[in-house]
Amino acid sequence: MMMKLSRQFTVFGSAIFCVVIFSLYLMLDHLQLDHTKSPNNGGDKLQNGQLSILQDKIDRLERLLSENNEIIANIRDSVINLKESVKDGRGGLDGGNMSQGHYLELLASPPLVLPIDSQDCQFATREFSKPADGVQLLDVYDLLTFDNHDGGVWKQGFDITYQDNEWDSEPLQVFVVPHSHNDPGWLKTFDDYYRDQTQHILNNIVVKLHEDSRRKMIWSEISYFSKWWDNIDNQKRDAVKSLFEQGQLEITTGGWVMPDEANSHYFALIDQLLEGHQWLERNVGVKPQTGWAVDPFGHSPTQAYLLKQAGLANMLIQRVHYSVKKHFASQETLEFFWRQNWDPASSTDILCHMMPFYSYDVPHTCGPDPKICCQFDFKRLPGGRVNCPWRVPPQPITDGNVQQRVQMLLDQYRKKSKLFRTKVVMVPLGDDFRYAEALEWDQQFQNYQKLFDYMNSHPELHVKAQFGTITDYFNALRKLSIEPGHPSASLPVVSGDFFTYADRDDHYWSGYFTSRPFYKRLDRVLESHLRAAEILYSLTLANIQRFGKLNDFPAVENNRLLTEARRNLGLFQHHDAIAGTGKDMVVIDYGTRCHSDMDTLINHELKGLSFSPRSVVVYNPTEQDRTSVVTVYVNTPHVCVITDHGHPVPAQVSAVWDDSTTASTELSFVAQVPALGLGLYQLSTAVSGGAETAEYVFLRQGGELSVNMKHFTVNIPQDASTPLSIHNPHIQIWSSPTTGLMERLKLKENGSEHQIKVEFAWYGTTSNRDKSGAYLFLPDGEAKMYSPARSPVIRVTKGSVFSEITTSFDHVTHTLRLYNVQGVEGQAVEICNLVDIRREFNHEIAMRLASDVDSKDRFFTDLNGFQIQPRRTMAKLPLQANFYPMTSMAYIQDPGTRLTLLTAQSLGSASLVSGQLEVIMDRRLNQDDNRGLGQGVLDNKVTPSTFRLLLEKRKPSPLSYPSLLSHVSSLYLNHPLISMAVSTEAQSLSLTAFTPLASSLPCDIHLVNLRSIQSKVMLRSTSLQQIRLGCIDLNLPGFISSLFGQNTHSALLH
């Protein structure tokens, strides 16, 4: 299985994607959609000027927020509305389909730039003003010394004191919140955890909460809850619903999982949240109000934004750098309104509670002294399986000791409350997989109720204590801190992110930004293919409903397959899944779920074509008309490509290298496919006049070369000292003749030339007792330059469609590629690294870009593919603290130039020296890092990592946001054209191209998804998710100034 996973990293959806896509395509053709389109639908847009010029022109435009509703309506009309009248039983898209002749003419000369309308890209031009009372986390980092002094009983904090009379006028309110954190996979698989623990916890919830109406409980993971729900009877379901109605049981967050917030892309974050919320709405009628994130390893404002847009009012976070916690505690700012960087007012504010202490377990939640708090975790009573590390066990509460135990516990509650601005305190009561046994329920709830009864019956204590849900607590907090007329101080506003997390000493959790990169890449491919299938499914469903063809389409079965794929993708967003921090067997389980129907997918996916003629369907999953290169394997070099109207298509036959010097054959051709549409191409053998063949040059310093290939021109020069060079209409690059690695890059548009060197380097692990592992990055100092044991083989490919330079090192096969096409894909250097470190010992391999960009100590990384966060490399922090998650891009810049690295997978990144960007590509670690996993990272695979490199000119500005070119380049990188071979059985069908949109969507609109929602009766409604992309960000680096449309919001996450 593991060998199979390694070979097939680009697969997804299993049969899900292929079965759905092919049935959709055949159904659309069966409807005989008319392919007519007005000749004025955007043809002149394609001739606008250079992208950089247009970017400057749009910088000052302004769009009113009120236009948003109109835009959404236009999108919906473009996607769903068919032509006004249907004649002779034929359905069509009058405005939605071009005549093929005009379409070919329109795209015959692909544009240098994206089509941009004068009304586009105005959304984010509003003036930005930083809130006067706002706190920027980057500024907090400037203030902190990170000295880690011993704080006494609260080791990472400080001594807390109070006066006994502080609560005389206003009693302390205490909400004890029982919870059980259930990882959907970590040390056990999802199913094993469910069988052994989770189902028993949920069963106990129903029984034990009904025993006493004062008891409360919260639950987060809908993946587990839905599995359990499917296995209980209606009587128990009714009992659960009554607990929701009575406020004893609360669903927090409501996502499919508690997601990782560093590596997950916003598409997957939305998708798993939507899946959970839709399940809740359909089955129990519950709408979550509060987010609960106690275990993700750092926190992103993207998640805060999505929760706010989903209708949640509050959220809780836990894993924050201990020095930041200490600072926030000292300033009484642990409760704050989390505001997005780009927000000029307060529309994105969400009330957030930061837990102050080390962990979310009982010893670290009742107050600052874990030795005391552990004595109130009654699961640890003598005779049980767990005990207190401080060697002072809990005592059962009796009439004889209740007064003394209350005084001990109340002291902790009061000290904890001194870290906050109000006289209400929240105390979580739980841990991983707690409350699996009825005995624990009795131990915890009965003993705590005795403590509460004593507190509440003695008014001289000035305390009111009770069990509560997290929303009970936030409701009380709002009354004390927000409602008008209350004397308490208002809460602060905070902007920024909480990366990189450290839990103690120099133990920074920056390793998991890269751990198991094979699966991080797989995740992104899954997202792309799922989105493509969702959109085509929804378009097909809209068409068959309009034309009364419901019986001809397996809508329910295909929806079941899509739902399974959504849930597998959602499960993988769990913070121990995509993070790469699970046991080997658990990682295999995640991978197996993602490849569940691999055989079917391989049978349909375009892998290699033999000829009679064969038809190839190409799907464009992006919302703009697109010209991109498609590559398929073929069994002959003598092949030609034509459109479904017989027009020849530029194509190139190249070698597919089994190793550095032997090869088979592939075909690359330039496909022009309408927005969200399907193109049709025919491949056939050609005696002459077919695809051009690539030419090759091989070099190896000081070594003999023997190249075994036919059909291609091969040159092995004797003098290999001249720098290597390839170019396209936009870019020229030069590489070292010794290593094949890039050294210089020239932009042809303005003739500017820059030094940009690609390097590879090794990190080892420290010699200290604690070493790098799945979570932690603890290097042994600065990286050491990669020095191969033998001279690499360098291969230069030159062709009409693409040219590339490939270097085969012992651990990395590195490729620089330029596409010889106009438009977006021709303006970037594609970098592919095939990494193999399976024979290494405690090594991490990094790719470094060393440039002449004068970036000093500043750089920028994205958060979840959704917004940009400025970073500052700080000498006062250890090296590993200066690494941050890079989900989709990172860049450095000076007043005149920006260098952007776009990535197709989440990795850890840094800029440790001015002008440098570096990414960790893989990690092989031979030991555990003492964070509970109990193993190293030794299941490495041969892993491809794909990037695109952009060099752009810029004007000096205090603002920083990605260019429009980088937006669309990232979109193309993560959503490539999808090619599918038409089966030999279907060759006889009369297939035509499909153009669902009347025109491309505006350049600053990205269709996140077009997802059909299953009603309780039938599949009949679609929900449109759209995000407005701000071409300009205002004062802050958030690069997607986003709105879920007002008129579709309720259908999305409510």
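Me: What is Leu818 in contact with, leaving aside its neighbours within four places in sequence?
Reply: Contact needs heavy atoms within 4.5 Å. By that test Leu818 touches Ile726, His727, Asn728, Ile731, Ile733, Val801, Phe802, Ser803, Ala828 and Val829. The model is predicted, so to speak of local features pLDDT must be at least 70, and side-chain atom pairs count only at pLDDT 80 or more, while totals for chains, interfaces and linings use all residues. Residues are numbered from 1 along each chain as its sequence is written, and side-chain values use heavy atoms, with hydrogens and water left out.

Me: What makes Leu818 count as buried or exposed?
Reply: Buried means under 20% relative accessible area, exposed over 50%, and partly exposed in between (1.4 Å probe, protein chains only). Leu818 has a relative accessible area of 0%, so it is buried.

Me: Where does Leu818 lie in the secondary structure?
Reply: Leu818 belongs to strand β30, residues 812-819. Strands here are DSSP runs of E with at least two residues, helices are runs of H or I with at least four, and both are numbered from the N terminus.

Me: What makes Cys374 and Cys388 a disulfide?
Reply: Their sulfur atoms are 2.1 Å apart, which meets the rule. The link of Cys374 and Cys388 is left-handed, with -105° about the S-S bond. Cys374 and Cys388 both lie in the loop between α13 (370-373) and α14 (402-417), so the pair ties together parts that are 14 residues apart in sequence. Cys374 is buried because its relative accessible area is 0%, and Cys388 is buried at 7%.

Me: How many disulfides does the rule give, and what pattern do they follow?
Reply: The count comes to two disulfides. With bonded cysteines counted along the chain, the pattern is 1-2, 3-4.

Me: Why is α10 called oblique to α18?
Reply: Helix α10 (residues 266-283) and helix α18 (residues 555-572) pack at about 120°, with axes 9 Å apart. Angles under 35 degrees count as roughly parallel, over 145 as roughly antiparallel, 65 to 115 as roughly perpendicular and the rest as oblique. That places α10 and α18 among the oblique pairs. The axes are lines fitted to C-alpha atoms, for helices over the stretch in contact, and angles run from 0 to 180 degrees between N-to-C directions.

Me: Which residues of α10 and α18 meet?
Reply: Phe267, Asp271, Gln272, Glu275, Trp279 and Arg282 in α10 face Thr563, Arg566, Arg567, Leu569 and Gly570 in α18. By class, the contact of α10 with α18 has three nonpolar, three polar and five charged residues. Ala, Val, Leu, Ile, Met, Phe, Trp, Tyr, Cys and Pro count as nonpolar, Asp, Glu, Lys and Arg as charged, and the others, Gly among them, as polar.

Me: Why are α14 and α15 described as roughly perpendicular?
Reply: The axes of α14 and helix α15 (residues 438-456) come within 10 Å and cross at roughly 85°. That angle is in the perpendicular range, and the two helices are therefore roughly perpendicular to each other. The contact of α14 with α15 divides into 10 nonpolar, one polar and two charged residues. Among the residues that meet are Val402, Leu409 and Tyr413 in α14 and Tyr448, Leu451 and Phe452 in α15.

Me: What makes helix α12 mostly covered?
Reply: Seven of the nine residues of α12 (residues 322-330) are buried. They are Tyr322, Ser323, Val324, Lys325, His327, Phe328 and Ala329. The cover includes α6 (137-143), β7 (335-338), β8 (350-354), β11 (493-495) and β12 (502-504). Just after α12, Glu332 takes a positive phi of about 55°.

Me: How many helices and strands does the protein have, and what share of its residues count as buried?
Reply: There are 22 helices and 43 strands. Of the 1054 residues, 65% count as buried.

Notes: Disulfide = S-S within 2.5 Å.
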